[in-house]
Amino acid sequence: MTPIWDKLNRRAGAAADRPLLTLFEDAGRARDFSVTLENLHFDYAKTNIDTDTRADLIALAEAAGVAARRDAMFAGETINWTEGRAVLHTALRNLDGGPVMVDGQDVMPGVRDTLARMRDYADAVRGSDITDVVNIGIGGSDLGPAMAVAALAPYHDGPRCHFVSNVDGAHIADTLRGLDARTTLVIVASKTFTTIETMTNARTAKAWMTDHGGDPARQFAALSTAGDKTAQFGIDPARVFGFEDWVGGRYSMWGPIGLSLMIAIGPGAFDAFLRGGQAMDRHFRAADPQENMPMLLALVGIWHNQVLGHATRAVLPYDQRLRMLPDYLQQLEMESNGKSVRMDGTDAAHHTGPVVWGAAGTNGQHAFYQLIHQGTRVVPCEFLVAANGHEPDLAHHHQLLLSNCLAQSEALMRGRSLDEARQRMAAKGLDGEELERQARHRVFPGNRPSTTLIYPLLDPFTLGQIIALYEHRVFVEGVILDINSYDQWGVELGKELATSLQPIVEGNEPPSDKDGSTAALVDYILKHRS
């Protein structure tokens with residue numbers, strides 16, 4: 001434990017007894033604890049971070065070498081040390097920047113060439129008889145584009161887009177049902193073209209297309225670097241779009257993995273999405289820590305999770321079209337920072353990534369907000385909302401949405417005291433023991449922290465800003481915790497065991513080397529197989 005961590009832990013004790021509302025006795029609190037980048041405004045005034053705590057958190061980031069590691073990332077140096085790779089998803093949105101070097105080679109000509117090919121292909125698809133696009137992928141090859149396509153629905157002017165990820169046959173069956181095989185394009189997204197869930201679904205889609213009058217030789221595309229395997233599958237190299245190993249799956253929708261999004265909204269709007277990400281990159285590299293939005297978002301996260309010990313964070317977009325954002329951020333954050341070993345192989349000195357969860361408002365208010373308001377655990381909340389909706393004739397809906405979003409963060413902070421609850425019950429005519437009993441059920445502890453990210457309208461540029469903001473937040477937290485945010489060894493063991501279990505579940509091998517529980521479950525499956 002370093003002196004800075006010790007100092008922050010002492011501050012945590014003092015903060016626990018300080019009502020959040022008292023911080024607003026400073027009239028400049030909202031101004032001083034918020035930051036604006038172009039059209040994006042981040043407010044963290046409703047947290048228990050004061051000026052001194054913020055200074056200590058910034059000192060923590062400086063001591064961890066965040067700035068140096070950030071510069072190394074953008075310079076193409078190897079910062080994913082366990083896999084020996086650079087981390088350069090930022091190069092995919094470097095529309096106006098200079099060269100980006102990896103091992104002495106400028107990668108930008110290749111990035112620009114692939115983007116140009118994507119634009120040409122997207123325009124061709126949008127101008128053809130294709131009515132539907134089915135993107136088959138999993139993890140980063142699915143969550144990113146699926147989230148972005150849903151988020152930017154008002155900008156769709158191309159074919160309808162559908163997404164299949166789960167190996168459960170119900171997913172692809174339900175998706176293909178009702179589609180015309182003759183006017184459907186299937187995009188298979190797998191860097192290695194070996195991901196078992198993706199390839200199983202791809203083969204099923206190919207058989208469906210063949211059986212229903214489509215032409216897989218013309219109606220399949222691939223997002224992959226395995227040209228030999230895509231050729232064996234029958235996909236023309238002209239419809240194969242690859243990306244380098246310095247682009248991780250959960251950071252990949254800025255390039256070929258975003259092809260379905262480009263087809264849905266068009267190359268021009270996709271460029272605006274890239275420019276939003278590029279704007280956040282430039283801000284992250286240039287802004288001072290106290291005005292640096294990704295840095296501050298990360299430091300709020302460190303304060304809540306590692307210092308105060310709040311194990312989860314709720315992502316609460318008050319936007320139905322951002323309903324998949326919590327799922328996307330769940331993978332981005334938990335797969336990136338869900339580690340227990342530091343860079344040097346020693347045990348992590350602190351708890352690492354939090355549990356990320358959430359849902360779109362106002363739906364969540366009628367599901368889990370009861371727990372975040374009156375439960376025994378504090379859940380830091382991250383609200384997102386646009387000042388305007390895309391439906392001007394339904395402006396009254398959006399005003400109600402905004403009222404609810406702002407009310408929830410205020411209620412979490414303000415709470416309701418027992419005395420206030422007693423007054424309410426007395427006004428209803430209660431007295432004595434019944435008044436006291438009913439009042440206690442209506443107490444809200446308050447003092448529960450939240451942040452708010454607000455913007456004029458959810459458009460492609462703004463969505464690009466938001467996604468890049470959260471990517472850099474993950475990076476900063478990972479550097480401070482001294483973990484590698486860019487590998488994901490935790491997914492390997494389950495894959496290996498699934499491979500060994502498949503012939504057992506099929507009934508072709510006995511479960512002789514399995515534990516009693518697994519063997520009994522296999523026995524149940526075999527006995528009840530229809």
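Predicted model: local features only at pLDDT ≥ 70, side-chain atom pairs only at ≥ 80, totals over all residues.
Residues are numbered from 1 along each chain as its sequence is written, and side-chain values use heavy atoms, with hydrogens and water left out.

**View 1. Strand E9 and its two parallel partners, E7 and E10.** Helices (H or I, at least four residues) and strands (E, at least two) are DSSP runs, numbered from the N terminus. Two strands pair if DSSP finds at least two bridges between them. Strand E7 (residues 132-136) pairs with E9 in the parallel sense over 5 bridges, and E9 pairs with strand E10 (residues 220-223), also in the parallel sense, over 4 bridges. On the E10 side, alanine 189 has leucine 223 as its bridge partner. Strand E9 (residues 184-189) is mostly covered, with 6 of its 6 residues buried; buried means under 20% relative accessible area, exposed over 50%, and partly exposed in between (1.4 Å probe, protein chains only). In a regular strand the side chains alternate between the two faces of the sheet. In E9, Thr184, Val186 and Val188 point one way, Leu185, Ile187 and Ala189 point the other way, and all are buried.

**View 2. An open sheet of 6 strands.** The strand order is E1-E2-E15-E14-E12-E13, and the pairing is mixed. Strand E1 (34-37) and strand E13 (355-358) stand at the edges with a single partner strand each, so one side of each has no neighbour in the sheet. From one strand to the next the twist averages 15°; the axes are lines fitted to C-alpha atoms, for helices over the stretch in contact, and angles run from 0 to 180 degrees between N-to-C directions.

**View 3. Strand E15 and its pairing with E2 and E14.** Strand E15 (residues 450-455) is mostly covered, 5 of its 6 residues being buried. Strand E2 (residues 40-43) pairs with E15 in the antiparallel sense over 3 bridges, and aspartate 43 stands opposite threonine 452 in E15. E14 and E15 run parallel and are joined by 6 bridges. Across that pairing, leucine 384 has leucine 453 of E15 as its bridge partner.

**View 4. Cysteine 381, strand E12 and cysteine 405.** Strand E12 (residues 312-317) and strand E14 (residues 381-386) pair in the parallel sense over 4 bridges. Alanine 314 stands opposite cysteine 381 in E14. A disulfide is a pair of cysteine sulfur atoms within 2.5 Å, and by this rule the count comes to 0 disulfides. Cysteine 381 is in no disulfide, and the nearest cysteine sulfur, that of cysteine 405, is 10 Å away.

**View 5. The largest nonpolar core and tyrosine 328.** A nonpolar core is a set of buried Ala, Val, Leu, Ile, Met, Phe, Trp, Tyr and Cys residues joined through side-chain atoms within 4.5 Å. The largest has 109 residues, of which Trp246, Met293, Leu325, Tyr328, Leu463, Phe475 and Ile480 touch the most other members. Helix H20 (residues 460-481) gives the most to this core, with 12 residues. A second, separate core of 21 residues includes Ile136, Val164, Phe193 and Ala222. Contact means heavy atoms within 4.5 Å. Leaving aside neighbours within four places in sequence, tyrosine 328 is in contact with Leu143, Gly144, Met147, Arg250, Met253, Ile467 and Glu471.

**View 6. Histidine 89 in the loop between strands E4 and E5.** This loop lies between strand E4 (85-86) and strand E5 (101-102). Histidine 89 counts as buried, at 2% relative accessibility. With neighbours within four places in sequence left aside, histidine 89 is in contact with Trp246, Val247, Tyr251, Trp254, Glu471 and Tyr486.

**View 7. The buried and exposed residues of helix H19.** In helix H19 (residues 432-440), Leu435, Gln438 and Ala439 are buried. Seen down the axis of H19, the buried residues fall within an arc of 100°, so they line one face of the helix; the arc is that of the directions from the helix axis to the C-beta atoms. The face turned away from the buried side of H19 carries the exposed residues Glu433 and Arg440. Helix H18 (418-427) is included in what covers the buried residues of H19.
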